[in-house]
Amino acid sequence: MATSTESAESKSIKMGEEYGEKAVVQQSATSRALGERIMYNLVMKRINDNREDFDGSSSFRMAEFGSADGTNSFDLIKDVIRAVREVDAEKPIEILCNDLPSANFGELFKTLKPLEAEFKNVHIMVAGDSFYRQVFAKNSIDIAFSFTSIHWLSKVPCFMESRYYVPFGLECADQERKALWEEQGRVDWRTFLAAREKELKKGGLLYVTTLGFTDAPEDTDHLHASVNICLMEKMVNVLEKNNLGEFKHQFNFPVMHRQEKHYREAFEGDSPVEGLELYDYSNYKVEGGVLNTIAQQGDLEAMIKAIAGVNKVGCTPYYKGRLGLIESLTPEDRDRVLAEIEATWIPTLKEVVTLEFAKTLSPFNELFIRKV
């Protein structure tokens with residue numbers, strides 16, 4: 001019988017080196033945030049609401065949670081620096097970046113280091129740890145943000161027919177398992193907030209934007225779910241063919257696409273999180289992006305190849321790591337099973353994907369939170 005083992009490091013999720021560059025959904029959200037000047041406006045709000053604290057502090061500290069390689073947040077961080085410099089040309093600015101220990105910090109430094117040359121008195125630091133723990137010192141952060149990261153849960157609670165949890169289209173999953181995923185999402189969201197409450201200064205602001213859905217599903221939301229269910233089914237078939245079916249839960253991504261109610265619950269009801277208030281919320285879909293452009297051209301084959309390419313960057317390293325935990329598999333067996341999984345992608349996508357799929361990749365929840 002095959003056996004599985006996990007070390008502390010192997011539990012970390014590893015994405016491909018091109019993850020930031022190929023993350024088309026995140027790039028679309030970044031473009032919107034830049035167009036709306038969200039980070040700039042947040043800095044100005046923080047300074048204007050707490051001018052005495054700004055003038056009296058030795059530095060302005062910004063923290064990002066889930067930095068990856070910095071590609072998607074580079075221009076957002078630039079907006080933070082520009083805003084501070086409009087008010088104070090000399091004050092030290094500390095850019096604190098956080099991701100799992102397995103993240104590519106070399107690429108992160110390579111991406112962000114030019115900021116230290118472009119702007120005076122800017123200092124970049126990184127911390128390798130889970131953002132489900134307190135990462136930075138108490139009462140030390142002015143502005144914090146997490147950009148398309150907190151859909152990652154701390155763990156997979158149980159096997160799910162979809163590659164990850166989406167709130168619609170999971171009729172084949174029994175209610176008990178769906179409830180386990182929702183509870184994991186609830187606990188993780190509250191844990192994330194409790195850690196940020198410790199780190200933020202009084203009046204400090206937290207901006208979170210992440211993949212999600214409205215409470216009223218659209219037809220394309222069900223399409224999103226059906227595609228992921230079909231891809232998971234084909235992968236489980238590969239695992240079972242190789243006598244690895246008992247490990248199928250390890251191949252779920254610890255990802256949950258939440259709805260508005262999942263986020264608001266932490267601030268409302270009988271047991272709201274302490275010390276934080278949700279002062280604004282929106283759910284939106286961004287226009288544009290690579291897949292939308294392909295859809296407008298009517299090129300379904302190109303769309304399928306593009307989705308498979310995203311899978312190659314985002315899924316292959318994760319599945320490779322999962323296979324690496326199964327001790328009885330030889331390196332050759334792992335490579336063979338991984339190749340068999342990858343070989344299912346394009347045929348499966350051809351069965352289920354239509355041009356409408358482009359519309360499923362751009363729903364976001366956006367939250368503005370303040371420490372009171």
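Which residues does T348 touch, not counting residues up to four places away in sequence? In this predicted model, T348 touches C230, L231 and K234. T348 itself belongs to helix α15, which spans residues 345–352. With a relative accessibility of 2%, T348 counts as buried, because the cut-off for that class is under 20%.

**Overall architecture**

The protein contains 15 helices and eight strands. It has 372 residues, of which 55% count as buried. When contacts between residues at least 6 apart in sequence are considered, 85% of them join residues at least 24 apart.

S146 is placed in strand β4. The relative accessible area of S146 is 0%, and this residue is therefore buried. Apart from neighbours within four places in sequence, S146 is in contact with F65, F192, Y207, V208 and T209. A further spatial relation concerns L206: S146 and L206 are separated by 60 residues in sequence, yet their C-alpha atoms are 8.1 Å apart in space.

T148 is found in the loop between β4 (141–147) and α8 (175–199). Its phi is near 50°, a positive value in a residue other than glycine. T148 is buried, since its relative accessible area is 6%.

Is N243 buried or exposed? N243 is exposed, because its relative accessible area of 64% lies over the 50% cut-off.

**Packing of α13 and α14**

Helix α13 (residues 316–324) packs with helix α14 (residues 331–343) at an angle of about 140°, and their axes are 10 Å apart. An angle over 145 degrees would count as roughly antiparallel, and 65 to 115 degrees as roughly perpendicular; α13 and α14 are therefore oblique to each other. Their crossing is right-handed. On the α13 side, the contact is made by T316, Y319, K320, L323 and G324. The α14 side contributes R334, V337, L338, I341 and E342. Sorted by class, the contact of α13 with α14 comprises five nonpolar, two polar and three charged residues.

**Cysteines and disulfides**

A disulfide is a covalent bond between the sulfur atoms of two cysteines. How many disulfides are counted in the model? The count comes to zero, on the rule that a pair of cysteine sulfur atoms must lie within 2.5 Å. C158 is buried, with a relative accessible area of 14%. C315 is likewise buried, at 7%.

**Accessibility of the residues discussed**

The values given above for individual residues are collected here.

| Residue | Relative accessible area | Class |
|---|---|---|
| S146 | 0% | buried |
| C158 | 14% | buried |
| C315 | 7% | buried |
| T348 | 2% | buried |

Terms used. Residues numbered from 1 in each chain as written. Predicted model: local features only at pLDDT ≥ 70, side-chain atom pairs only at ≥ 80, totals over all residues. Heavy atoms only, no water. Axes fitted to C-alpha atoms, helices over the stretch in contact; angles between N-to-C directions. Helix = DSSP H or I, 4+ residues; strand = E, 2+ residues; numbered from the N terminus. Parallel < 35°, antiparallel > 145°, perpendicular 65-115°, else oblique. Left-handed = near helix turned anticlockwise from the far one by under 90°. Contact = heavy atoms within 4.5 Å. Nonpolar A, V, L, I, M, F, W, Y, C, P; charged D, E, K, R; others polar. Buried < 20%, exposed > 50% of the residue type's maximum accessible area, 1.4 Å probe, protein only.
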